[in-house]
Amino acid sequence: MKISARNVLQGKVISIVTGPVSTELTLEIAPGVRVTSSITSTSAQSLGLKEGDNAYAVIKASSVMVAVD
């Protein structure tokens with residue numbers, strides 16, 4: 001796989017919650033470190049992912065916001 005994004009994190013699929021429109025997918029990228037993404041259910045089905053599969057989180061954003069109370 002070749003991709004221009006710089007933030008590519010390899011991990012293992014630990015959770016898939018499928019809804020009618022979107023699917024929440026959680027990857028464990030290191031012990032105790034998780035990344036959760038919401039993708040379309042059509043995309044999730046097309047990728048054929050199952051819990052335990054290896055996958056990549058590709059992060060491409062123009063900004064990252066941080067907030068505190």
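1. The largest pocket of this predicted model holds about 290 Å³ of space, where a pocket is, on a 1 Å grid over the protein atoms alone, an open set of points at which a 1.4 Å probe fits, with protein on both sides within 12 Å along at least five of seven lines. The volume is the space filled by probe spheres set on the points, which are joined across faces, edges and corners.

2. The lining of the largest pocket consists of 13 residues, and L25, S37, Y56, A57 and V58 are those that lie nearest its centre; a lining residue is one with an atom within 4 Å of a point. By class, 11 of the lining residues are nonpolar, 2 are polar and none is charged, with Ala, Val, Leu, Ile, Met, Phe, Trp, Tyr, Cys and Pro counted as nonpolar, Asp, Glu, Lys and Arg as charged, and the others, Gly among them, as polar. At least two lining residues come from each of β2, β3 and β4, and β4 gives the largest share, 5 residues.

3. On the basis of the values, residues are numbered from 1 along each chain as its sequence is written, and side-chain values use heavy atoms, with hydrogens and water left out. Since the model is predicted, local features need pLDDT of at least 70 and side-chain atom pairs count only at pLDDT 80 or more, whereas totals for chains, interfaces and linings use all residues.

4. The protein has 1 helix and 4 strands, which follow one another from the N terminus as β-β-β-α-β; helices (H or I, at least four residues) and strands (E, at least two) are DSSP runs, numbered from the N terminus. Along its principal axes, the C-alpha trace spans about 35 × 30 × 25 Å.

5. The 4 strands make an open sheet in the order β3-β2-β1-β4, with antiparallel pairing, two strands being paired if DSSP finds at least two bridges between them. At the edges stand β3 (33-40) and β4 (54-59), each with a single partner strand, so one side of each is left without a neighbour in the sheet. From one strand to the next the twist averages 45°, taken between N-to-C directions, on a scale from 0 to 180 degrees, of axes that are lines fitted to C-alpha atoms.

6. How are β1 and β2 joined? Strand β1 (residues 7-18) runs antiparallel to strand β2 (residues 22-30), with 6 bridges between them, and a hairpin of 3 residues leads from β1 to β2. Within this pair, T18 is opposite T23 of β2, while S15 has T26 as its bridge partner.

7. The other two pairings are antiparallel as well: β2 and β3 pair over 8 bridges, and β1 and β4 over 6 bridges. E24 stands opposite S38 in β3, and the hairpin formed by β2 and β3 has 2 residues between the strands, with G32 in the turn showing a positive phi of about 80°. In the pairing with β4, G11 has A55 as its bridge partner.

8. Which residue forms a salt bridge with K50? That residue is D53, with the closest N and O atoms 3.6 Å apart; the count comes to 1 salt bridge, defined as a side-chain nitrogen of Lys or Arg within 4 Å of a carboxyl oxygen of Asp or Glu.

9. An unreviewed UniProt entry lists residues 2-68 as "domain: Mop"; its positions are given here in the numbering used, feature names are shortened, and annotations may be inferred rather than shown by experiment. Over residues 2-68 the chain is 10% helix and 52% strand, and the end C-alpha atoms lie 37 Å apart.
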